[in-house]
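Please keep the sequence and the coordinates at hand while reading.

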Amino acid sequence: MNNYKNSEAIMDNAIVKNMTPKLLTVILMSAMSSAVLLGCSQHSDDVETMASKQQLDTEATTDYQASRNNGAWGSVYMSREELAAPTTNIVDDSSLPRMDSDPSIAEWETKFEGTNAFVTTDGKKLYHDSCAACHMHKGEGAYGAGYYPPLANNSKMQSKYYVIDILINGFRGMPSFHGMMNDEQLAAVTQYVHSELNNYTDTVTAEDVAQLRHANPSAGDPSDE
């Protein structure tokens with residue numbers, strides 16, 4: 001065993017002796033660099049650094065429970081006492097306009113004559129309130145996000161029943177007016193499209209509309225059937 005150790009020591013000495021001074025210098029510099037880097041990467045838990053101070057400040061100032069209570073789902077985590085006394089981040093409704101003085105509500109009531117439904121039987125007003133936004137005020141139609149066919153000078157408008165059917169059931173992007181207007185109103189707007197935007201002379205009546213009205217309008221697009 002001793003002979004083996006002596007042999008190993010002799011070999012190590014031989015290797016060191018055979019190394020050039022330049023090679024030894026390189027090895028020593030590499031070892032010193034590794035030691036410096038290793039020392040820089042280690043630190044004591046007791047030493048305060050900028051990162052550790054920032055972490056402590058964040059933990060000291062952040063109230064995660066309060067953050068949950070003030071969030072969009074805050075009421076899920078709020079106690080009965082907190083619900084009874086809302087925090088200051090809840091909207092103060094006293095700053096909102098009253099219903100009787102809200103200008104947008106007043107404009108809406110003017111359009112619908114004081115109610116949330118069509119009241120008038122004036123075909124021209126019904127057309128301008130419900131149809132002109134897409135088909136234009138003179139019925140000339142438009143191109144934009146979609147195609148809005150012209151209603152003026154349109155031979156399809158010669159059939160009053162065609163117009164009534166479209167109004168009741170809707171067509172492609174056009175909504176159904178089945179639940180928005182009664183028979184008399186649908187007859188009035190049909191008459192306006194038939195006679196005022198075109199030159200057809202048939203008389204449109206509420207009875208004409210009643211013949212085509214049904215319990216429930218189609219759930220899909222009639223053009224798909």
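## Helix α10 and its surroundings

Directly after α10 comes G170, a residue whose phi is positive, near 75 degrees. The model is a predicted one, and the angle, like the other values in this report, is computed from it.

Helix α10 spans residues 160–169, and because seven of its ten residues are buried, the helix is largely enclosed by the rest of the structure. The buried residues are K160, V163, I164, I166, L167, I168 and N169, and the elements that cover them include α11 (183–196) and α12 (206–212).

## The largest nonpolar core

The largest nonpolar core consists of 23 residues, among which Y127, M181, L186, V189 and L197 have the most contacts inside it. Two or more residues of this core come from each of α8 (123–130), α10 and α11, and of these α11 gives the most, with six residues.

Y127 shows how such a residue is surrounded: leaving aside residues up to four places away in sequence, Y127 touches A132, H135, M136, H137, G139, L151, V189, Y192, V193 and L197. Two of these partners, V189 and L197, are also named among the residues with the most contacts inside the core.

## The largest pocket

The largest pocket has a volume of about 690 Å³. It is lined by 26 residues, of which H135, P149, L151, F171 and M174 are the closest to its centre.

At least two lining residues are supplied by each of α8, α9 (132–135), β2 (147–148), α10 and α11, and α10 gives the most to the lining, with four residues. Sorted by class, the lining holds 19 nonpolar, four polar and three charged residues.

## Cysteines

A disulfide is a covalent bond between the sulfur atoms of two cysteines. With a cut-off of 2.5 Å between sulfur atoms, the count of disulfides in this model comes to zero. For C131, the closest cysteine sulfur is that of C134, and because the separation is 8.7 Å, the two are too far apart for a bond; seen from C134, the closest cysteine sulfur is likewise that of C131.

The two residues can also be described by their accessibility. C131 has a relative accessible area of 10% and is therefore buried, whereas C134, at 35% relative accessibility, counts as partly exposed.

## The loop between α10 and α11

N182 has its place in the loop between α10 and α11, and because its relative accessible area is 40%, N182 is classed as partly exposed. In sequence N182 and R213 are 31 residues apart, while in space their C-alpha atoms are 9.8 Å apart.

## The chain as a whole

The protein chain contains twelve helices and two strands, and from the N terminus on its elements run α-α-α-α-α-α-α-α-α-β-β-α-α-α. Of its 225 residues, 20% count as buried.

Among the contacts in the chain with a separation of 6 or more, residues 24 or more positions apart account for 52%.

Definitions and conventions:
Residues numbered from 1 in each chain as written. Predicted model: local features only at pLDDT ≥ 70, side-chain atom pairs only at ≥ 80, totals over all residues. Heavy atoms only, no water. Buried < 20%, exposed > 50% of the residue type's maximum accessible area, 1.4 Å probe, protein only. Contact = heavy atoms within 4.5 Å. Core = buried A, V, L, I, M, F, W, Y, C linked by side-chain atoms within 4.5 Å. 1 Å grid on protein atoms, 1.4 Å probe; cavity = no way out; pocket = protein on both sides within 12 Å on 5 of 7 lines; lining within 4 Å. Points joined across faces, edges and corners; volume = space filled by probe spheres on them. Nonpolar A, V, L, I, M, F, W, Y, C, P; charged D, E, K, R; others polar.
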